[in-house]
Amino acid sequence: MIAYVTVGADDIARAKRFYCAFLPDLGYALEEGPEGLSFALPVPPDQRPVLPEFYVKPPFDGAAASAGKGAMVAFEARNQQQVRDLHAAALRAGGSDEGQPGFRAMYGPRFYVSYLRDPQGNKIALFSSNPNDPGRDD
């Protein structure tokens with residue numbers, strides 16, 4: 001089980017604007033601290049945390065943050081419409097497009113996905129495999 005994922009950011013205010021454009025709509029709550037941003041799903045009383053948590057932080061060594069080549073974090077949306085809506089919101093909040101929402105030939109017939117870069121260059125995917133939405137071949 002993956003417990004948390006961290007991406008680096010030099011400008012925490014820009015990162016906050018970007019991630020707050022879509023993560024709260026996926027159920028994540030933001031907690032800010034001197035070390036950066038922490039996003040977590042709500043935890044019912046007497047339950048364990050829902051994992052993974054997602055952190056946005058400046059590098060601990062004080063050097064500039066850089067995006068990992070080949071690294072990507074994917075967030076699951078409720079449906080295709082939410083993928084489209086959140087992709088658009090993330091672009092308005094300073095992200096850049098890496099792939100418009102839609103089906104990809106190399107993935108399953110229900111895998112609907114969009115790709116973005118956050119202001120630091122970290123790659124983010126928003127996807128849905130909702131069986132109630134139309135499939136690629138429908």
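Modeller: Gladly! Keep in mind that this is a predicted model. Let's begin with K16, which is partly exposed, with a relative accessible area of 30%.

Colleague: Which side chain meets that of K16 in a salt bridge?

Modeller: Side chains of opposite charge can pair when their charged atoms come close. Here the partner of K16 is E32, at 2.7 Å from N to O. E32 belongs to strand β2 and K16 to helix α1, so the pair ties together parts that are 16 residues apart in sequence.

Colleague: How many salt bridges does the structure hold?

Modeller: There are 5. Another one joins D138 and R110, at 3.5 Å from N to O. This pair links distant parts of the chain, with D138 in the segment after β8 and R110 in the loop between β6 and β7, 28 residues apart. D138 is exposed, at 68% relative accessible area, while R110 is partly exposed at 30%.

Colleague: Back to α1, then. Which of its residues are buried?

Modeller: A15, F18 and Y19. They cover an arc of only 85° around the axis, which puts them on the same side of α1. Their cover includes β1, β3, β4, α2, β7 and β8. At the N-terminal end, D11 caps α1 through a side-chain oxygen 3.2 Å from the backbone nitrogen of A13.

Colleague: And how should I read the sheet?

Modeller: Strands of a sheet pair through backbone hydrogen bonds, either parallel or antiparallel. In this case 4 strands form an open sheet, ordered β1-β4-β3-β2, with mixed pairing. β1 and β2 are the edge strands, each pairing on one side only. Between β1 and β4 the pairing is parallel, over 5 bridges.

Terms used
Residues are numbered from 1 along each chain as its sequence is written. This is a predicted model: local features need pLDDT of at least 70, side-chain atom pairs count only at pLDDT 80 or more; totals for chains, interfaces and linings use all residues. Side-chain values use heavy atoms; hydrogens and water are left out. Buried means under 20% relative accessible area, exposed over 50%, partly exposed in between (1.4 Å probe, protein chains only). Helices (H or I, at least four residues) and strands (E, at least two) are DSSP runs, numbered from the N terminus. The arc is that of the directions from the helix axis to the C-beta atoms. Contact means heavy atoms within 4.5 Å. A polar contact is a pair of N or O atoms within 3.5 Å; within protein, one must be able to donate a hydrogen and the other to accept it, and residues adjacent in sequence count only if both atoms are side-chain atoms. Two strands pair if DSSP finds at least two bridges between them. A salt bridge is a side-chain nitrogen of Lys or Arg within 4 Å of a carboxyl oxygen of Asp or Glu.
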